[in-house]
Amino acid sequence: MSWPALSLMMRRYSFLRRILPVVAWLATMGGAGGVSAGEETSQITIPRVERMPNLPQPFALRDWRQVTREYLDLVFDFVQQGEYLPLVGWLDEGRTMVSLPSYVGGSKDPEAVNFLGAVVSGSLVGLDMRNYRGHDWVTWGTNFFNAEEGVNVNRPRGGTGGSFWYDVFPNVLFYQLESLYPGNPARDEQARSVAQKWHEACVALGGRTDPLALPNFDHTGLNLKTMKPVEMGRFEPEGAAGIAWLEYMAWLKSKDPRFLTAADWTIRSLEEKPVEQSPLYEVLLPYGALIAARMNAELGRHYDVAKLVNWCFEPRGRPQARPGWGVITDRWNDLDAYGLVGSTTDGGGYAFAMNTFQWAGALVPLAR
């Protein structure tokens, strides 16, 4: 990540510093009708954001639209020449799917979190990814759909069960891509299958309506073939947050009551955790905060959005699902690193660009 890129992310979080306390208050107020004139109101602050400067130093504004276009011009060019180039190639002789490393010099086996993220990004800056450089990258994205398990997986020949975030996030990206290119019957059917399978997953993890019982996401993942939890020495309860986002998006489109039920179960399963037991693990929790706020505003629910948002920012020790993980509030190498997302403890701290972008993308819409 370049220093101009870092500076822009810090600028974004200077903006968040101003709006998120108000956003948290608005979101927790609930009903779509707003707040009555006689109702007492108060602003809820986000302590982690309060520690950030209003303007980072040094500051430089990077043109991210141009960065995106230049990235795709490099990464999706089959005729680039040079060490490790071209980055993109063919995964099979029939040319039904491309190969793509997740990092330069890495395995050519493509990951959904990399490939779909790039296709979504290109679409958001105005490129038609159905005919970018003469190829249909949107259709190639459907290669991550595992028909046997009924969901998108992180690798074309992969399956579920290794990690909640790696199993859920490809479906979040798929739903984003589907919204950018609507009206394709095959993708519509895949999107519905995704919602159905993650609803079934919630039931397999203990979700019930009568009597009410909430699913338990204190596992590493769930194998959707066997519907059995997977334990690998860590737990990723924020999987519930990504599923909440998927299920509510599916409910808005289909009005299938199962999907709204699953969205409610998953938000409540997060909400009931003690403050010190943050479910934050990798990249999904902000999506849960967003959906809780949206359901408050659109359906008159009363989820504790402030609690979810603060979890997105505040790193904690054990029993947080991933101790020390959260938003950086520090200067590194005499440069402001406020607002980047990653570990605040490992090796003195480190951040990931993708996680930082996802935080901004998921949390800024809270203002709506």
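A search of the whole structure, which is a predicted model, finds 20 aromatic pairs, where rings of Phe, Tyr and Trp (its six-membered ring) pair if their centres lie within 6.5 Å, and where planes under 30 degrees apart count as stacked, over 60 as edge-to-face and the rest as tilted. A pair of aromatic rings is described by the distance of the centres and the angle of the planes. One of the pairs joins Phe78 and Trp90 in a stacked arrangement, with 4.8 Å from centre to centre and 20 degrees between the planes. This pair links distant parts of the chain, since Phe78 lies in the loop between helix 3 and strand 1 (89-90) while Trp90 is in strand 1, 12 residues apart; helices (H or I, at least four residues) and strands (E, at least two) are DSSP runs, numbered from the N terminus. Phe78 counts as partly exposed because its relative accessible area is 21%, and Trp90 is also partly exposed at 27%, given that buried means under 20% relative accessible area, exposed over 50%, and partly exposed in between (1.4 Å probe, protein chains only).

A tilted pair is formed by Tyr175 and Trp245, at 6.4 Å centre to centre and with 50 degrees between the planes. Tyr175 belongs to helix 6 (residues 164-180) and Trp245 to helix 8 (residues 239-254), so the pair ties together parts that are 70 residues apart in sequence. Tyr175 is buried, with a relative accessible area of 9%, and Trp245 is buried at a relative accessible area of 9%.

Ring pairs also link Phe76, Phe78, Trp90, Phe115, Tyr132, Trp137, Trp140 and Phe144 into a cluster.

Charged side chains meet aromatic rings as well, a charge sitting over a ring if NZ of Lys or CZ of Arg is within 6 Å of the ring centre and within 35 degrees of the ring normal. Arg62 lies over the face of Trp64, 5.3 Å from the ring centre, and the charged end of Lys255 sits over the ring of Trp251, 4.6 Å from its centre.

Turning to the loop between helix 2 (47-50) and helix 3 (64-75), one finds Phe59 there, and Leu55 is placed in the loop between helix 2 and helix 3. Phe59 is partly exposed because its relative accessibility is 36%, and Leu55 counts as partly exposed at 48%. Leu55 and Asp336 are 281 residues apart in sequence, yet 9.4 Å apart in space, C-alpha to C-alpha.

Residues are numbered from 1 along each chain as its sequence is written. Local features need pLDDT of at least 70 and side-chain atom pairs count only at pLDDT 80 or more, whereas totals for chains, interfaces and linings use all residues, and side-chain values use heavy atoms, with hydrogens and water left out.
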